[in-house]
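Hello,

Here is the structure I promised to pass on. My notes follow below it.

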Amino acid sequence: KQTLLKVTDLKTYFPVTGGIFGGVKAHVKAVDGVSFEVYQGETLGLVGESGCGKSTTGRTVLRLIEPTAGNITFEDQDILKLKKSEMVKLRKEMQMIFQDPYSSLNPRKMIKEIIGQAYEIHAPSMNKKEREEKIAGLLKEVGLNPDYLVRYPHEFSGGQRQRIGIARAIALNPKLIIADEPVSALDVSIQSQVLNLMNELQQKYGLTYIFIAHNLSVVRHLSDRVGVMYLGKIVELTDSDSLYKKPLHPYTQALLSAIPIPVVGGKKAHVILEGDVPSPLNPPTGCRFHTRCRYCMNICKEAEPEFKDIGNNHFVACHLMDK
Ligand code: SF4
Ligand code: MG
């Protein structure tokens, strides 16, 4: 397997200002030491409750947000060393599909302008006619009428808008697409159509996806591997089969028991997640999940469990693995 993207010990903190001097009071540690690789042509699911840092991770990888620390390499290029102008070039290779198809398309622009922007920046030698032909082709590719290129976003349904968002994302033949909850704003009946489209495009163009979602059932069919995030960290990462059949981290187990998927080799235990997610401003000591974990031991409150490979590329951060 060839590694397309490698993220090492990534940290993205946001300063919180306030107090009598208006200085930096604290930091929200949105992403706090995350490491993973994405292989060429695969889909890596990134899953967790809201506020776990999954969107921030995706945006930081594209440098839409600057990280506080860590390393990001894309095709062996250290992208954090790139200048702004070099990063603009690299954006061709790395695109994003946004969660909200209503707010992510400029309401005052026609579809051909929305998608055409990418060509203006990255293929300035293309003339208007070539550009429109290209965009019409893209619309067909995502299952829309090519004549729609002169319409405005408000003329489309949510599902159609997300198809337009996908057309925009594939316009420049990127290698990596980060899809941030691409179907969570859509009706359930529309969700599978959009997922199927993403799957077809992946097969056709050899795309690599990072698929961000807040629940494990959405990413199941598309993901080759899945990483589960909790409070700024990945707590478990492995291939989809292992994760869904034999989740090892208590948080993954709890998330899975909340959706109707039988756990093979045993009765399906209903682990109810108690309490709220603690604030990322002041995360719990030791294992961040300890305040909600039903297996919590003394060591969990003191020492942070190491995120380590317990075999076959199955990474888990939990003291139970040391036994
Ligand atoms: Fe639970 Fe301890 Fe494992 Fe954290 S390290 S998930 S608190 S058992
Ligand atoms: Mg989000």
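Which residues are the closest to ligand 1? They are Cys 287, His 290, Cys 293, Cys 300 and Cys 318, among 13 residues that surround ligand 1. Here a residue counts as near if its C-beta atom, placed from the backbone, lies within 6 Å. The shell divides into 11 nonpolar residues, 2 polar and no charged. Nonpolar covers Ala, Val, Leu, Ile, Met, Phe, Trp, Tyr, Cys and Pro; charged covers Asp, Glu, Lys and Arg; the others, Gly among them, are polar.

Before you go on: this is a predicted model, where local features need pLDDT of at least 70, side-chain atom pairs count only at pLDDT 80 or more, and totals for chains, interfaces and linings use all residues. Residues are numbered from 1 along each chain as its sequence is written, while chains are lettered from A and ligands numbered from 1 in the order in which they are written.

β9 pairs (at least two DSSP bridges) with β3 in the parallel sense, over 4 bridges. β9 pairs with β10 in the antiparallel sense, over 6 bridges. Met 229 has Ile 234 as its bridge partner in β10.

Last, helix α1 (residues 54–61): 8 of its 8 residues are buried, so the rest of the structure largely encloses it.

Best wishes

Definitions and conventions
Buried ≥ 20, exposed ≤ 12 C-beta atoms within 10 Å, placed from the backbone.
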